[in-house]
Each structure stands twice: as C-alpha cells, then as structure tokens.
Amino acid sequence: MADAADPGLARDATPAPPRREELVGPGHDFASVTEKISSIVLQRRTPWGWFVGFAIAFALLQGMLLAVGYLLFVGIGVWGVTIPIGWGMDIINFVWWIGIGHAGTLISAILLLLRQGWRTSINRFAEAMTLFAVACAAFYPVFHTGRPWLAYWLFPYPNTMGLWPNFRSPLIWDVFAVSTYGTVSLLFWFVGLVPDLATLRDRARSKPWKILYGILAMGWRGSARHWHNYDTAYLLLAGLATPLVVSVHTVVSFDFAIGIIPGWHATIFPPYFVAGAIYAGFAMVLTIAIPLRKFYALEDFITMRHLENMAKVMLATGLIVAYGYMMEAFMAWYSADTYERFAIWNRMTGPYWKMYWALILCNVVAPNTLWVKNLRTSVPYLFFMSLVVSVGMWLERFVIIVTSLHRDFLPSSWGIYRGTFFDWSAFIGTLGLFSTLLFLFVRFLPAISIFEMRTILPGAEVEEEHP
Amino acid sequence: MTRPGLYGLMAEFSEPAAVVAAARKVHEAGYRKVDAFSPYPVEALTEALALPRSRLPLFVLLGGIAGLAAGYGLEYWASVIEYPMNIGGKPFHSWPAFVPPAFETTILFAALAAVLGMLALNGLPEPYHPVFNVPTFALATKDRFFLCVEATDPHFDLDRTWSFLLSLEPRVVSEVEQ
C-alpha cells in the first residue's frame, strides 16, 4: 500500500467546495486535525504565556476566597446592598454571568439544529465557557442569601420544619431554571467530549494520563452502533437545550418583571433579556476565541469566517437589545403612569445618568460599527468590541437593577447605592474563577471538538446508496 | 469453523467510503454480528449495516413525561396538600405559576434520559473490550476505519471469512483475541 506510512498525507487533494474551505484551513485531513488539536493537550510544551495567565487568574481567585472569607465572617453588610437597594452588584453580576453562558448553548444547540457548520470549531470552548459562567453566576444568589450554608433550603425536600418552597415565586423558578441549565450544560459538554477523550486516551504517551482519559472516555471505541445512538442523543440534547436556554433567561427576567417596581414590570423583559444574553455571550466567546487562536496558532480552525459570523450575531442581537431600550422608554411614556415615566426619566437624568448613557454608547451606538465590513473583519477591533459589549451589558444590568430600586414610589424611601470594596473584589474574584477554569480546560481537554472537526473535512462525507 | 479465544476478524481501512462499501458487502453476504468503527459518525454506515432505529427517542419522551409529572406533582402536592399557604390571595393551585418549574424538570429528566439512555444502550462504561487487542485499533479514534465480523456469527468460518474480508481490499485483516 502506497499510503502505509501516513495515509493522511497521501490523501489526494480533491478540491473542496469553497464554503467548507473557509471553515477549515487548506490541507487538513483526519490525521492532521487530530494531531493539531490533541497535541495542545498531550505533546506541545505548555507556553510560558499559559503560566503567566494562569498565575494571574489564580491570584484573582485567591483574592475572591479572601473576600468571601471576610463576607462569611462578617455578613453581607460588607456589601453595598441596603434598603431600598436590596439587590446590588451581587444580582447584577449573577445576571451578567448567566447571560454570558447563553452563547455557549446557542452555539452548541441552536446552531446545530440550524445546521450551521461554522459552529463546529467554536462549540467546545463556548460550552466550557457556559459551564464556568454558570458556576460564577450561581455563587452570587447563594451568598446573597446571607446564610449560604442553608442554601439547600431553596430546594424542595422533606424536612423536620415541615416547610416547602413557595412555587409562586420567581426566585424559586430561578433555582429550578439555573440548576437545570447547569446540569444539562454539563451533560451536553461531557457527551460531546467522550469521543475526544477516547482520542486522547489512544494518543497519550504516559500511563497515568492514558488511565485518566481512559476512565473518562468510558471505553468509547467509535462503534457504528454507538455512533448511531450517540448522534440521536446529541441531537435530542440540542433539541432540549434550545427551549431550555430561552427559558433560563426568561425566568431570570421574571425575577424583575413579576415585581411591581417601576422599570421592572414590563412584558418586553423576557425576549429582550434573552437577546441581551446572546449578545453578551457572543462577546465573551470572541474575548476567549481571539487570544486562543492566536496563542495556539489555531487560525486554520477558528477562521476569519467564524469571527465575522460571531460579529454578525452580535450586531443582530445588539439591535434587538437597542429595540428593547427604545420600547422600555416608549412604554413608560405611553402607559401615562407617573411612576413608570419617572423611572425612565430618572435613569436618563437622575444620579445614575452617566451609567445610562454609557450603556447606550456601548450597546446601541458601538455595535452599529459592525455594519462596516472592514471593522467586522479586523481582529483587534473585534476584540475591542467584545470588551465594550461586556462592559455595556454589565451597565445594562446595573441600570435595570439599581435605578429602578433606588427611587420607587415614595420619595421618603429613596436612596443611593454604591458598590463597596467587597462587591468589587467578589466580582473580580469570579473573573479569576472563570479564567482559572478556562486555563485549566485549555490545558487538559481539547478546546476544539476533534471528532466534529473531522466531519466537516473534505472527504468525510460518504454518499448513502439508495437502492 | 472458529477457534477458542477468537473474538472475530478485523479488517482495517483508511477511507470512509471503503469501509462503508465493505460493510455493505459483508451485510449482503449474510453476516449480522458485524460492527464498524470510525473516528467520527459516518451516517452511511448505519444504513450499510442496516442498524435498527435507535430506541433512544422513546426513552427521552418517557423521561420528559416523567419529569413533567414529577415537577407538577411536587408543586401541586407541596402547595395544595402538604403546605397550603395564602400568598397574596392567590389560589393554592396557582397553575400558571407552576409552569416554569414543571417545564424545567421536564427538560432535566428528558436530558438525563438522553444521556443515561445513550450510555445504557451502548453498554458504556465498558472497561474492557476485545477489539482493543488489535494493535492498530488506537487509530480508530484518529484516522482509521475498522470492520469487525464476530466469531459468534453463524456464517463465521475463520478461513472463508478471512479470504472474504481480504477480497474487500482492506489495508490488513487481523484476528481479534477475546
């Protein structure tokens, strides 16, 4: 056999349809794709930049542990939350993180159902991002309870107190939505990893890694019977995750919309929150993808087309979010309700006017620059935009939560909110937790789905014969 | 004829189209205890081996129904029977408010059914399998395609199956030890 030495290289270069060439750099085959992605984990020397980045992230995580330690010791009075602003940065950050997670599920599930081939090289780390973002998000409400060691009271279970949760409360809906979302995201991610863990098992050189990846791969052997069930499971999970992801941010928006606080009590909240979540999430995917492809030289797999498509999704969802802001203001005026009108006017001109207009700049003005193709295809500009959007979405949650609460119906109960040192250290700490987990993920697991990359290579598809 | 300790015969291919063609011929020749191995899902293999439809969708449907019943049942039992509380004058059975948690449990149970069902139908985790005894089988998770005819197949005959597999032009045919 001519191709005995390396069948991959001997594969003759059949010209691929142009659509596919843009998704994978030219000249790749099954072997080279496997080699390139698995070598990041198995063979390549860990770049010094990884150690520097990990050290910074890990240091921030230690800062979070100190901040949380002090919080547990003293109580949530160390945070800036007070009456009337009972929901401060903890809930802002909860909504911010959980929103970021949504892009991962959108990429892995909704784009799979829509047969978008470009999801393939970005879905794995976007799903990982989802998991880590949900972990960061879950931290806040648990600690916001004030007695996190009793957080299990949120779950319905038979107890000696004879108490059950109030299922009419959106906060309990949140418990169900977020815990289901975390679990299903983990399942989806792990199922996607199994064939790649088998690849790592078969390619690892040292015994301990072989055993570790072997245990995680659960004896996967690529059997056609297994793939048959596997594909069905994967597709069904995508079908289940799609309504789930929409429901999660809907339920998060119900935390506000079910209340009667002016500025919260609006039916537009669910769609506008979901669009905002996807918008923020794609920004975070870009924030991660751009350095990842640069430092690991993955430009062949995460191509300009991927980045441009993500920019387009950001633009589209950004416009939906802008529509949400417009409708919020319009409905406040059209309702002729004094308090609603005042809430919006107070946002625009009250003590937090800078936040509001910075938010408009970041989320309404800035994304419109993505209409320009030259900007949309400039990697540094996209990276900059992704940070702008992340800041904008944080401001959005700040504006919604703080400006609505700080001046409600009675002027005698008005107040001002300011995040304290411990608010900020907890927030920066979760950034540390998030990046620590990401660094570990990139180092120990394939950041790009190897088996799915094989399926989009030219020559991967075999025509079915229909007699 | 077979010999003790033999699991089957494994043919090795380097192209997806080759293994699909071979699988089709092996199936046409009457072999049923056949399995193919590929580094990524090849849909045509499912058809070539005439694999039955997966039973997984049924499991997932049942999981979803169980999740809905469990979630809604829990809410009803807790809010109406075990711990009725007048909250803002809302009825004990506030069904619209019960929808979101019941929806989430439906998804949760269905997703668990999909993953656990997939693992159960595939017999995973499976710490040992004879096919791993083939030295080059590690390439099944890289760029090689394999076709295995098991010795328990009634048509199996060591010599005849061997030469039949060779006629399908594989890279190599090897014996798989139990």
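**Figure 1. The salt bridge between A:Arg221 and B:Glu126 in the predicted model.** B:Glu126 is partly exposed at a relative accessible area of 21%, whereas A:Arg221 counts as buried at 7%; buried means under 20% relative accessible area, exposed over 50%, and partly exposed in between, with a 1.4 Å probe and protein chains only. The side chains of A:Arg221 and B:Glu126 meet at 2.8 Å, N to O, in a salt bridge (a side-chain nitrogen of Lys or Arg within 4 Å of a carboxyl oxygen of Asp or Glu). This pair crosses between chains, from the loop between α8 (207-217) and α9 of chain A, which holds A:Arg221, to the loop between α4 and β3 of chain B, which holds B:Glu126. Helices (H or I, at least four residues) and strands (E, at least two) are DSSP runs, numbered from the N terminus. Residues are numbered from 1 along each chain as its sequence is written, and chains are lettered from A and ligands numbered from 1 in the order in which they are written. As this is a predicted model, local features need pLDDT of at least 70 and side-chain atom pairs count only at pLDDT 80 or more, while totals for chains, interfaces and linings use all residues, and side-chain values use heavy atoms, with hydrogens and water left out.

**Figure 2. The salt bridge between A:Glu35 and B:Lys142.** The two side chains meet at 4.0 Å, N to O, and because A:Glu35 lies in helix α3 (residues 30-42) of chain A and B:Lys142 in the loop between α4 and β3 (145-150) of chain B, the pair joins two chains. A:Glu35 counts as partly exposed at 29% relative accessibility, whereas B:Lys142 is buried at 15%.

**Figure 3. The interface of chain B and chain A.** Contact, meaning heavy atoms within 4.5 Å, involves 75 residues of chain B and 63 residues of chain A. The buried area, which is the accessible area (1.4 Å probe) that two parts lose on being put together, summed over both, is about 6,000 Å², with carbon and sulfur atoms giving 67%. In chain B, the residues that lose the most area to chain A are B:Glu104, B:Thr141 and B:Lys142, together 11% of what that side buries. Three salt bridges are found across the interface, including the one in which the side chains of A:Arg225 and B:Asp35 meet at 3.9 Å, N to O. On the side of chain B that touches chain A, α4(B) gives the most, with 18 residues.

**Figure 4. The surroundings of A:Thr420.** A:Thr420 is placed in the loop between α15 (379-406) and α16 (421-444) of chain A and counts as partly exposed at 25% relative accessibility. Leaving aside neighbours within four places in sequence, A:Thr420 is in contact with A:Val78, A:Trp79 and A:Gly80, and its side chain reaches the backbone oxygen of A:Val78 at 2.7 Å. The C-alpha atoms of A:Thr420 and A:Val81 are separated by 9.0 Å, although these residues are 339 residues apart along the chain.

**Figure 5. The salt bridge between A:Arg347 and A:Glu328.** The side chains of A:Arg347 and A:Glu328 meet at 3.4 Å, N to O, linking helix α12 (residues 338-349) of chain A, which contains A:Arg347, with helix α11 (residues 304-335) of chain A, which contains A:Glu328. Both A:Arg347 and A:Glu328 are buried.

**Figure 6. Residues 1-21 of chain A.** Where pLDDT is low, the predicted coordinates should not be read in detail.

Terms used: pLDDT = per-residue confidence, 0-100. Polar contact = N/O pair within 3.5 Å; in protein donor to acceptor, adjacent residues only side chain to side chain.
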